[in-house]
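User: I'd like to learn how to read a structure feature by feature. Could you walk me through one, giving the general idea and then the case at hand?

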Amino acid sequence: MTAPVLLSAHGIGKSFGGVRALHDIHLTLRAGEIYGLIGPNGAGKTSFFNTLTGLYRADSGHFEFAGQRLDTTAPHRVAAAGIARTFQNIRLFANMTALENVMVGRHLRSRSGILAAILRHRRQRAEEADILRRALELLHYTGIGDCANRLAGTLSYGDQRRLEIARALATEPKLLALDEPAAGMNASETAGLRTLVQGLREDGLSVLLIEHDVKLVMGLCDRIAVLDYGEKIAEDVPAVVQHDPRVITAYLGSGAEDDDA
Amino acid sequence: MTLPRLPARLGLFLIALSLLVLPFALSAAGTAWVRIANLAILFVFLSLGLNIVVGFAGLLDFGYVAFFGVGAYVYALLASPHFGLHLPFWLILPIGALVAAFCGTVLGAPTLKLRGDYLAIVTLGFGEIVRIFLNNLSQPVNLTNGPQGISRIDPVRLGDISFSQSDTLLGLTLSGPMKYYYLLLALLLVVIVINLRLQDSRIGRAWEAIREDELAARAIGVHTARIKLLAFAMGASFGGVAGGLFAAIQAFISPESFVLTESIMILAMVVLGGMGNLWGVIAGALLLSFVPELLRYTVEPLQQALFGRLLIEPEVIRMLLFGLALVLTMRWRPVGLWPRKVRHRPASLPTGTGGCP
């Protein structure tokens, strides 16, 4: 596969006090790829996400995205560059409707300010109509079209996950970063999620996926990077990673420690 | 905006009609009541402004009265013998709004990273700073005339009509306060429309998103710093306009009108009515403006009749009941008397694409 490189991390490092969360992480994600990021709890996966999306400031290294150095000084700049994310512990706007959640996602790709809102001129109304239409489309696309007018906080767990994806998609990302989207889902919800993510890729999106559900990761991802104690210990196609002795050690530990892998 | 259905339209018409004849009814009970109504409308202005900051964007603000004060002093300085300036009100009100909005931004900028209690403390401090400034800016240059305040402020004038005197129009005698009432009512209509439009807009949604989850809002591309400053500035500008009108109506202002308890009063109106819901906030403001005044006029005669003398000062009872009302609200209706409803939007695409049953 020789698709162009979409995202590359160059020596990302991040420490919290004495704890080294990330150390010299290099990885490359190609356009159209579903790229898995796995590792035991505390390996640094979410730290990597937060560094990429500007919630943390990296101590060293930088990202390149779509051929340009990514400005990770502010989350909204990262989103504007074309990276949208979801959160491990769902972070929806609970007291807004599902539809409004996705409409907020259109903020970045719309322009009307205070004055336009007050005057409601033709351009503002057209933009509002467009926001509404796109948001509805995305709700239908992610399979929760019938929830449009329900408060986000009242949706079922699986639907909340879907809504978070719909909201992220509303920003028109090139790369969708999903932080444990299948956590807490039952088997049928996970199957639905898998279909959804595959559909996204078919529609031209690249996906960066943190996931604990090994079956899902192995079946879905084109390539996988494995983190352990903040370092990348493997990066390859699932079949190879699965049998990498360092990965097996990282997950199972050298002793008899058990993990969900 | 689509036209409401017939019963709703009839209701709207009746409300409009009663609002139009209200000052005549009130003035039958005494001009004081018209003044009280005017003050109540000003508090609705203030509550709606604060609602943008607290109700929409979720930023707790304990210093809101500062913007009311800024607006009032802008008016007083530009239309009184103090500096010998006498600009027309339609010029001063926008200036007051802008100056207040600027102050809102200045307050907002250092608080952008604060939330909840910490934000409340800083805003409380800001409110006090403004009041103390107003109190002390009489030297070295006499800017605010200090605690003596500024008097003989120009009333609102429209052409030859002065709002401080009575006029006869079509056989009806309109007193000064009545004229102010109609002016305030007209401006209130504008303010309500602005609020409704803001709430249902890109910026309004961003405000609500910040209230719900600031981090998530940032992650999907909302420039939270800018949007929060917009909320502070927008809310403050309403306070500025209200302040200007207050100065014109009272003809005299002093720093004493802009104390912390006023901020708390406005906040209580917003919270009691229902944060984030326009109509709730309006109801809260009217309730907390009128009921205490009613008490003021009923408690004393009632005590005289029952006990033959005055046992408890009306002011004390007023504050007692006021506190009780707030405690009861917080206990049984923490979302306010008239909370926000879920806004249903047309889901025009075909349904049946899964999700909610």
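**Reading cores, sheets and side chains**

Analyst: Let's start with one side chain, keeping in mind that this is a predicted model. Setting aside neighbours within four places in sequence, B:Trp207 is in contact with A:Ile114 as well as with B:Ile52, B:Phe56, B:Ala57, B:Leu198, B:Ile227, B:Leu230, B:Ala231 and B:Met234.

User: Which residues touch the most other members of the largest nonpolar core?

Analyst: The general idea: in soluble globular proteins, nonpolar side chains tend to be buried together. Here the largest nonpolar core has 105 residues, and B:Leu48, B:Tyr75, B:Leu198, B:Trp207 and B:Met234 touch the most other members. Helix α2 (residues 31–56) of chain B supplies the largest share of this core, 16 residues. Another core, of 50 residues, lies apart from it and includes A:Leu205, A:Leu220, A:Tyr251 and B:Cys356.

User: And how many residues of helix α7 of chain B are buried?

Analyst: An α-helix has 3.6 residues a turn, so residues three or four places apart point the same way. In the case of α7 (residues 202–212) of chain B, eleven of its eleven residues are buried. Among them are B:Trp207, but also B:Arg202, B:Arg205, B:Glu208, B:Arg211 and B:Glu212.

User: Now the sheets. What is the strand order in the open sheet of six strands in chain A?

Analyst: Strands of a sheet pair through backbone hydrogen bonds, either parallel or antiparallel. In this sheet of chain A the order is β6-β7-β8-β3-β9-β10, with mixed pairing. The edges are β6 (83–85) and β10 (231–236) of chain A; each has a single partner strand, so one side of each is left without a neighbour in the sheet. On average, neighbouring strands of this sheet are turned by 20 degrees against each other, direction ignored. A:Arg85 stands opposite A:Ala177 in β7(A).

User: Which helix lies across β3, β9 and β10 of chain A?

Analyst: That's α10 (residues 245–252) of chain A, which runs at about 130 degrees to β10(A).

User: What about the open sheet of four strands in chain A: which strands stand at its edges?

Analyst: The order there is β2-β1-β4-β5 of chain A, with antiparallel pairing. β2 (19–30) and β5 (68–69) of chain A stand at the edges, each with a single partner strand, so one side of each lacks a neighbour in the sheet. Eight bridges pair β1 (residues 5–16) of chain A with β2(A) in the antiparallel sense, and A:Leu7 stands opposite A:Leu29 in β2(A). Helix α1 (residues 45–52) of chain A lies across β1, β2 and β4 (60–65) of chain A, at about 70 degrees to β2(A).

User: Let's finish with single residues. Is A:His212 buried or exposed?

Analyst: A:His212 counts as buried because its relative accessibility is 14%, and the cut-off for buried is under 20%. This residue sits in the loop between β8 (206–210) and α8 (214–220) of chain A. Its side chain makes a polar contact with the side chain of A:Asn41 (2.8 Å).

User: And what does A:Tyr157 touch?

Analyst: Not counting residues up to four places away in sequence, A:Tyr157 touches A:Ile90, A:Ala183, A:Gly184 and A:Met185. A polar atom of the A:Tyr157 side chain lies 3.1 Å from the backbone oxygen of A:Ala183. A:Tyr157 is found in helix α6 (residues 157–169) of chain A, and is partly exposed at 36% relative accessible area.

Methods
Residues are numbered from 1 along each chain as its sequence is written. Chains are lettered from A and ligands numbered from 1 in the order in which they are written. This is a predicted model: local features need pLDDT of at least 70, side-chain atom pairs count only at pLDDT 80 or more; totals for chains, interfaces and linings use all residues. Side-chain values use heavy atoms; hydrogens and water are left out. Two strands pair if DSSP finds at least two bridges between them. Helices (H or I, at least four residues) and strands (E, at least two) are DSSP runs, numbered from the N terminus. Axes are lines fitted to C-alpha atoms, for helices over the stretch in contact, and angles run from 0 to 180 degrees between N-to-C directions. Contact means heavy atoms within 4.5 Å. Buried means under 20% relative accessible area, exposed over 50%, partly exposed in between (1.4 Å probe, protein chains only). A nonpolar core is a set of buried Ala, Val, Leu, Ile, Met, Phe, Trp, Tyr and Cys residues joined through side-chain atoms within 4.5 Å. A polar contact is a pair of N or O atoms within 3.5 Å; within protein, one must be able to donate a hydrogen and the other to accept it, and residues adjacent in sequence count only if both atoms are side-chain atoms.
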